[in-house]
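My notes are below, in the order I went.

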Amino acid sequence: MLGGSAQSQGPFSSGQLQRISDALSAADAETGFTFSVYVGDFDDPTHDARRMHARLEKPADSVLLAIAPNQRGLEIVTGEHARSRLSDQTCGLVALSMASTLAGGDLTGAVVTGLHMLADRARW
């Protein structure tokens, strides 16, 4: 899982990790929430993403983007406080935009775009 500072893992080059890390840091700073990204497979996408979110340090103030490229899965999980500024409808629209970018084969672009869009809608 990638949080405020991305670590070298998964399908990303160091340059891609830097782009994601910058987007995570900006989203955190612009909103006061903590954004995280998980990329990998799931047994049950919705359940697994919610379980991961619940294990974050401050789940009420957190937003998790969970993407399973091999399974064509995408979940955006918001905590109680984050949900006050990020409605299900907003998250659904962001997910559609991300899915379009993912369909084009741009995983990094989908993550960065999703983070920017969510942060834009959740600003203080």
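Entry 1: I noted at the outset that the model is predicted. I looked up the strand order and found an open sheet of three strands, β1-β2-β3, with mixed pairing. β1 (34-39) and β3 are the edge strands, each having a single partner, so one side of each has no neighbour in the sheet.

**Entry 2: the pairings.** I went through the two strand pairs in turn. β1 and β2 pair in the parallel sense, over six bridges. β2 and β3 (residues 73-78) pair in the antiparallel sense, also over six bridges. I then followed Ile67 to both sides. Val39 stands opposite Ile67 of β2, and in β3 the bridge partner of Ile67 is Leu74.

**Entry 3: the hairpin.** I checked the link between β2 and β3, a hairpin with four residues between the strands. In this hairpin I found Arg72 with a positive phi near 55 degrees.

**Entry 4: Ser62.** Is Ser62 buried or exposed? I first placed Ser62 in strand β2, which covers residues 62-68. Its relative accessible area is 2%. The cut-off for buried is under 20%, so Ser62 counts as buried. I then listed its contacts, leaving aside neighbours within four places in sequence: Thr34, His53, Leu56, Val77, Thr78, Gly79 and Ala82.

**Entry 5: helices across the sheet.** Helix α2 (residues 45-54) lies across β1, β2 and β3, and runs at about 35 degrees to β3. Helix α4 (residues 88-103) lies across β2 and β3, at about 150 degrees to β3.

**Entry 6: α1.** Helix α1 (residues 14-31) has 18 residues. I compared its reach with expectation: 26 Å from first C-alpha to last, close to the 26 Å expected at 1.5 Å a residue. Its buried residues are Leu17, Ile20, Ser21, Ala23, Leu24, Ala27, Asp28 and Thr31. They cover an arc of only 165 degrees around the axis, which puts them on the same side of α1. What does this buried side pack against? I found β1 and α5 (107-121). On the face turned away from the buried side I found the exposed residues Ser14 and Ala29. Just after α1, Gly32 has a positive phi of about 85 degrees.

**Entry 7: α4.** I repeated the check on α4. Its 16 residues should span 22 Å at 1.5 Å a residue, and its end C-alpha atoms are 22 Å apart, which agrees. Thr90, Cys91, Val94, Ala95 and Met98 are buried. Down the axis, these buried residues fall within an arc of 135 degrees, so they line one face of α4. They pack against β2, β3 and α5. The face turned away from them carries exposed Gln89, Leu93, Leu96, Ser100 and Ala103. After α4 comes Gly105, whose phi is positive, near 90 degrees.

Note on methods:
Residues are numbered from 1 along each chain as its sequence is written. This is a predicted model: local features need pLDDT of at least 70, side-chain atom pairs count only at pLDDT 80 or more; totals for chains, interfaces and linings use all residues. Side-chain values use heavy atoms; hydrogens and water are left out. Buried means under 20% relative accessible area, exposed over 50%, partly exposed in between (1.4 Å probe, protein chains only). Contact means heavy atoms within 4.5 Å. Two strands pair if DSSP finds at least two bridges between them. Axes are lines fitted to C-alpha atoms, for helices over the stretch in contact, and angles run from 0 to 180 degrees between N-to-C directions. The expected span of a helix is 1.5 Å times one less than its number of residues. The arc is that of the directions from the helix axis to the C-beta atoms.
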